[in-house]
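Subject: Model for your files

Hello,

Here is the structure I said I would pass on. My notes on the ligand site and the sheets follow it.

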Amino acid sequence: MLHLTKLLNITNPIIQGGMGNISNAPLTAAVSEAGGLGTIGCGTMTPEEVEKIIIETKERTTKPFAVNIPISVTKFVRDLVDLVIKHNVPVVSLSAGNPAPLIPILHEHGIKVIAVVASVKHAKKAEEAQADVLVAEGFEAAGINSSLELTTFTLIPQIVAAVKIPVVAAGGIGNGQGLSAALMLGASGVQLGTRFIATKEAPFHDIYKEKLLTANDIDTVIIGRPVGKVRRMLKTPYAHKLIQQEQKGMTEEEYLDLTSEKQHYIGAILGDLENGFINSGQIAGLISSIPTVQELIESMMSEAKQNIVNVVSEFEVFSL
Ligand SMILES: Cc1cc2nc3c(=O)[nH]c(=O)nc-3n(C[C@H](O)[C@H](O)[C@H](O)COP(=O)(O)O)c2cc1C
């Protein structure tokens, strides 16, 4: 199996997960410049909007970066595929839908494909469809989640045992401890969303970042279970309105309307927590600083290395 970093041509096994409509060029390029893999999140943006971000990202970095296409969220799947081919984007991540029909088209143009999965069954299917890398995302994660509700700690070793391609752990990772734990479970790297929001380069409102700094372990909530869809967000006045609406009875149409990218933009970019929501994973409680992307990635790498050394020396003590 080719090592993740060699496969993606990156230095550190850390991916910044795509964040629909909001993970823009400065964040994506900063992560790639720091040796990780930055990802532009297409969300519901038009191909023209995404194209501008791809061009700006290329102006900011010559290092590899990815574009995330959330299949069932965007109505522009085919146009976005054409766009990444046009711009020779080196890596595409496909989430929220069946990646199989798109993989051969991307491969034909030398584009590496990451498939985001949340169960062993979907992992095997993505491997059969020739995905290069799997991101296995646990239920701890921010944003749209799988209603299967498997957690990262259980998902990673089971998927690693079931496939031969590299598996990247996502959901609940926020520091070097999380990185080293994921590697111990057999992952080849990690994908982070929530932790990257609280960085200097992240294009989010300061209120969003401050909310993450003060959040604790129980400050996120799942919305949408009654309609069979799930999204994890921070507890805010808008999230409370959604909970009340859910208790009164919410149709799928209402859910999709109330949790659309528009409300996400209002919360995350405009910082209006009465009229918009902010995605967050359960790891928010661990966040206590707003470093630069480079500081975050460097500290994660050194902390993970130290952790692994410590674990090895503990085992040496056991075996005396
Ligand atoms: C604000 C935000 C928006 C997100 N949007 C998307 C998206 O459009 N597509 C996607 O595949 N994942 C999306 N995610 C999930 C991340 O890519 C990543 O897999 C996840 O956040 C990892 O879990 P963590 O939040 O515990 O680090 C989003 C996450 C956040 C925080």
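An oxygen atom of the ligand lies 2.8 Å from a polar backbone atom of Gly193, which makes a polar contact (a pair of N or O atoms within 3.5 Å; within protein, one must be able to donate a hydrogen and the other to accept it, and residues adjacent in sequence count only if both atoms are side-chain atoms). The protein covers 93% of the 600 Å² of accessible area that the ligand has on its own (Shrake-Rupley method, 1.4 Å probe; for residues, only the protein chains shown count as cover).

Before the rest, the conventions. This is a predicted model, in which local features need pLDDT of at least 70, side-chain atom pairs count only at pLDDT 80 or more, and totals for chains, interfaces and linings use all residues. Residues are numbered from 1 along each chain as its sequence is written, and side-chain values use heavy atoms, with hydrogens and water left out.

Ligand site

There are 20 residues around the ligand, and Ser95, Glu137, Gly172, Gln191 and Thr194 come nearest (near: a heavy atom of the residue within 4 Å). For Gln191, an N or O atom of the side chain is 2.8 Å from an oxygen atom of the ligand. At Gly171, a polar backbone atom is 3.4 Å from a ligand oxygen atom. By type, the shell holds seven nonpolar residues, 12 polar and one charged (Ala, Val, Leu, Ile, Met, Phe, Trp, Tyr, Cys and Pro are nonpolar; Asp, Glu, Lys and Arg charged; the others, Gly among them, polar).

Eight strands form an open sheet with parallel pairing, in the order 1-9-8-6-5-4-3-2. Strands (E, at least two residues) and helices (H or I, at least four) are DSSP runs numbered from the N terminus, and two strands pair if DSSP finds at least two bridges between them. Strand 1 (14-16) and strand 2 (38-41) are the edges; each has a single partner strand, so one side of each is left without a neighbour in the sheet. Strand 2 runs parallel to strand 3 (residues 65-70), joined by four bridges, and Gly38 stands opposite Phe65. Helix 3 (residues 47-60) lies across these two strands, at about 165° to strand 3 (axes are lines fitted to C-alpha atoms, for helices over the stretch in contact, with angles from 0 to 180 degrees between N-to-C directions; contact means heavy atoms within 4.5 Å).

The order here is 7-11-10, in an open sheet with antiparallel pairing. Strand 7 (143-145) and strand 10 (220-223) each pair on one side only. Three bridges link strand 7 to strand 11 (residues 230-234), where Arg231 is the bridge partner of Ile144.

Regards
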